[in-house]
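Trainee: Please take me closely through the sheet in this model, and then through what surrounds it.

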Amino acid sequence: EKTPVTLLGLGAMGTELARTWLSAGHPLTVWNRTPARAAALAAEGAEVAGSAADAVAANTLVVVCLLDDASVDEALDGADLAGKDLVNLITGTPAQARARAEWARARGARYLDGGMMAVPPMIGVPEAGGYVFYSGSREVFEQHRETLAVPVGTTYVGEDAGFAALYDVALLSAMYGMSAGIAHAFALIRKEDIDPASLAPLLTDWLVAMAPSAHLTAEQLRSGDYTKGVVSRLAMQVAGTPTFLGTAEQQGVSTELLSPYFELMRRRLAGGGGDEDLTGVVDLLVR
Ligand code: NDP
């Protein structure tokens, strides 16, 4: 007996979620603002509700995969949430998730927030490694764990409803730092007779080799001793920054992505962090 699921939102992500629940044999009720997007799923066995309120009324487990926090207000305005288990997968801020948890509680629903670490092609493909961070009601997570794990992996990160969003944004923020670095690297070779495709594997291998430095950073933050296990001293790294800025200059490349980080490194060095690694930058960012 598979748990019946209500799913609101049949965009790129919602459609993939719907397919995996259907093919795993879960009875599924769907609703989408633009009804045409539900047609294919109806043919695959989904029940299509005429309104979000009807979809919510159909099942206890209600999964929301709309665009953003505002669209949740719009869609669920007027729906009776009493006794429901609301699982909200939209990407939002921790404050939005906490407010939504309160909002759900006031309407008699249990609440679980989710942050999706996956893109549509990873849904229903376990070997792709995608997963969803969940936080909020542990009871909801435990009760629906198997159902939630059908489309993509699950990682529960605590009772604070804001934590899933926080972990999600932390990982994606790190990703943007990486993307910025990749953009700068390609810019450096752009005017040369170098095939970008020859740089790509070197870049990815280097980034993969350096990524575990996050473990050392964590160890140092934990112990409070930022000189522990240092591999490349900050003083040495700051001394090297003119090489990076000069190379950018020579290649006709803007330093606007690199400079803010170098500025933080210099500030930490000026504050006496020469024997540390780069961990002190964390404290300069925290206000
Ligand atoms: P899409 O843009 O593909 O779909 C958005 C969905 O939200 C559609 O079903 C749309 O309905 C609905 N919607 C938008 N505004 C409203 C509204 N005011 N009232 C009712 N319904 C509304 O988005 P995705 O499926 O890609 O993303 C869904 C969520 O997942 C987002 O929060 C996104 O940040 C997050 N996410 C997306 C990833 C991705 O790679 N796509 C990866 C990780 C997270 P309609 O069809 O009527 O327009």
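Mentor: Two residues count as in contact if their C-beta atoms, placed from the backbone, lie within 7 Å. Axes are lines fitted to C-alpha atoms, for helices over the stretch in contact, with angles from 0 to 180 degrees between N-to-C directions. Helices (H or I, at least four residues) and strands (E, at least two) are DSSP runs numbered from the N terminus. The model is predicted: local features need pLDDT of at least 70 and side-chain atom pairs 80 or more, while totals for chains, interfaces and linings use all residues. Residues are numbered from 1 along each chain as its sequence is written.

The sheet is open and mixed, with 8 strands in the order S3-S2-S1-S4-S5-S6-S7-S8. Strand S3 (47-48) and strand S8 (153-156) are at the edges with a single partner strand each (pairing takes at least two DSSP bridges), so one side of each has no neighbour in the sheet. Strand S1 (residues 5-8) runs parallel to strand S4 (residues 61-64), joined to S4 by 4 bridges. In this pair, Thr-6 stands opposite Val-62 of S4.

Helix H7 (residues 163-189) lies across strand S6 (110-117) and strand S7 (131-136), at about 10° to S6.
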